[in-house]
Amino acid sequence: MSLPFPCPSPASTLAIDWSRVEGEAWVGPMAACMQDAEHHAEGDVWTHTKMVCEALVQLPAWQALDADARERVFAGCLLHDIAKPPCTVIEDGRIRHPGHSPRGATMVRELLWRAGAPFHAREEVVALIRHHQVPFFLIDADDPLRRAAEISLRARCRLLALVTEADARGRVCRDQRRLLENIELFVALCDEHGCLDGPYPFPSDVARVAYFRTPGRDPTYAAHDDTRFTVTLMSGLPGAGKDRWIADNLSVPVISLDAIREELGVAPGGGGSEVAKIARERARALLRDAQPFVWNATNLRRDHRARLVDLFMSYGARVRIVYVEAPCARLFQQNRARAAVVPVAVIERMLRGWDVPDASEAHEVVHVVSE
């Protein structure tokens, strides 16, 4: 077992040992969090969660999976609504939980990172949680294939469908049949387009990037590669080892936000717009000359990375994102050993916006993870 949860085996009685998790800090808030009776007449979030897991382990499709996949899907079901308590609002007398899927993904990433879960197992669980509602409604979207293709770069859509099916079966509601039918349509769509059990088969990395950057584009079109040089965008928490990776692998100019802060006499994590302005001016000078370089900063948020990728690609650059990660204890140890130590409070704040890069963001995404 690579994940710290009581996933039963089909060889056993399929009984879930709830005593192994009911003492976890996140269970109490879920048990105290009520849900809207229209969609969850069963009551609180923890009651629903247990019903979902119990429904999952009875599904023949889940039982037929290999042990690793069973474990990841079970963890996705167990934690899929972990963020409902902090996201709860009451509007016009109705209980709602807006944004609980993305917030839950971030919470679970930190939870499993601190628990020492393997990177790839963790990230698939995170993706299952992030997208667990999508199969309910994807068929009604304006461009369902685009969303399915994006999800397929992060998780296996077949596994996502199992999480969502268990979510539908583990509740008391009037529209359960419609939810299950929509999940079947999601599976059919992914199967038809070759992304049910793996990433969507784009003709090339250039075609993939062009597709996600251009609404309405044909994903099968083999886009022409007009990139002229490579820009490397680093990503990772402070102390993860980004500087070491650069020193060991590249011999190109480095635009380092930490170095600019040091030039300005600004504390780690500070400087804001002034540091960013100087960094962008230096980047544009290199981009105009088609000079390969590295942009070295934490770049933990997807929207922050997107703005930089837009800038680099506007000059014809091929963009490679290198994400560097270290285990929790080692990261804080390495941060303490840095010349410019980043306060723990700053790192804790960064964790709340931590989103690991995926292949929809750039021509190449490299995950450098030390176990």
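This is a predicted model: local features need pLDDT of at least 70, side-chain atom pairs count only at pLDDT 80 or more; totals for chains, interfaces and linings use all residues.
1. Five strands form an open sheet, and their order across it is 4-5-3-6-7, with parallel pairing. The edges are held by strand 4 (254–256) and strand 7 (364–369), each of which pairs on one side only. From one strand to the next, the twist averages 20 degrees.

2. Strand 3 and its two partners. Strand 3 runs parallel to strand 6 (residues 317–325), and seven bridges join the two; within this pairing, Leu-233 stands opposite Ile-321 in strand 6. Strand 3 also runs parallel to strand 5, to which three bridges join it, and here Thr-232 has Val-294 of strand 5 as its bridge partner. Six of the seven residues of strand 3 are buried, so this strand is largely enclosed by the rest of the structure.

3. Strand 4 pairs with strand 5 (residues 293–296) in the parallel sense, over three bridges, and Val-254 stands opposite Val-294 in strand 5. Helix 15 (residues 272–288) lies across strand 3 (229–235), strand 4 and strand 5, and its direction makes an angle of about 165 degrees with strand 5.

4. A pair of packed helices. Two packed helices are described by the angle between their axes and the distance between the axes. For helix 4 (residues 67–79) and helix 7 (residues 119–130) the angle is about 45 degrees, and the axes are 9 Å apart. The two helices are therefore oblique to each other, and helix 4 passes helix 7 in a right-handed crossing. On the side of helix 4, the residues that meet helix 7 are Arg-72, Val-73, Ala-75, Gly-76 and Leu-79, while helix 7 contributes His-120, Ala-121, Glu-124, Val-125, Leu-128 and Ile-129. Sorted by class, this contact has seven nonpolar, two polar and two charged residues.

5. Glu-124. This residue is found in helix 7. Is Glu-124 buried or exposed? Glu-124 has a relative accessible area of 7%, which is under the 20% limit for a buried residue, so Glu-124 counts as buried. Leaving aside neighbours within four places in sequence, Glu-124 is in contact with Arg-72, Arg-154, Ala-155, Arg-156 and Leu-159.

6. Asp-167. This residue has its place in helix 10 (residues 157–169), and Asp-167 is buried, with a relative accessible area of 3%. Which residues does Asp-167 contact, leaving aside its neighbours within four places in sequence? The contacts of Asp-167 are with His-48, Val-52, His-80, His-132 and Phe-136.

7. Tyr-211. Helix 12 (residues 205–213) contains Tyr-211, which counts as buried at 1% relative accessibility. Tyr-211 and Arg-146 are 65 residues apart along the chain, and their C-alpha atoms are separated by 8.5 Å. Arg-146 is also one of the residues in contact with Tyr-211 when neighbours within four places in sequence are left aside, and others include Asp-143, Leu-145, Ala-149, Phe-202 and Pro-219.

Notes. Residues are numbered from 1 along each chain as its sequence is written. Side-chain values use heavy atoms; hydrogens and water are left out. Helices (H or I, at least four residues) and strands (E, at least two) are DSSP runs, numbered from the N terminus. Buried means under 20% relative accessible area, exposed over 50%, partly exposed in between (1.4 Å probe, protein chains only). Contact means heavy atoms within 4.5 Å. Two strands pair if DSSP finds at least two bridges between them. Axes are lines fitted to C-alpha atoms, for helices over the stretch in contact, and angles run from 0 to 180 degrees between N-to-C directions. Angles under 35 degrees count as roughly parallel, over 145 as roughly antiparallel, 65 to 115 as roughly perpendicular and the rest as oblique. A crossing is left-handed if the near helix is turned anticlockwise from the far one by less than a right angle, and right-handed if clockwise. Ala, Val, Leu, Ile, Met, Phe, Trp, Tyr, Cys and Pro count as nonpolar, Asp, Glu, Lys and Arg as charged, and the others, Gly among them, as polar.
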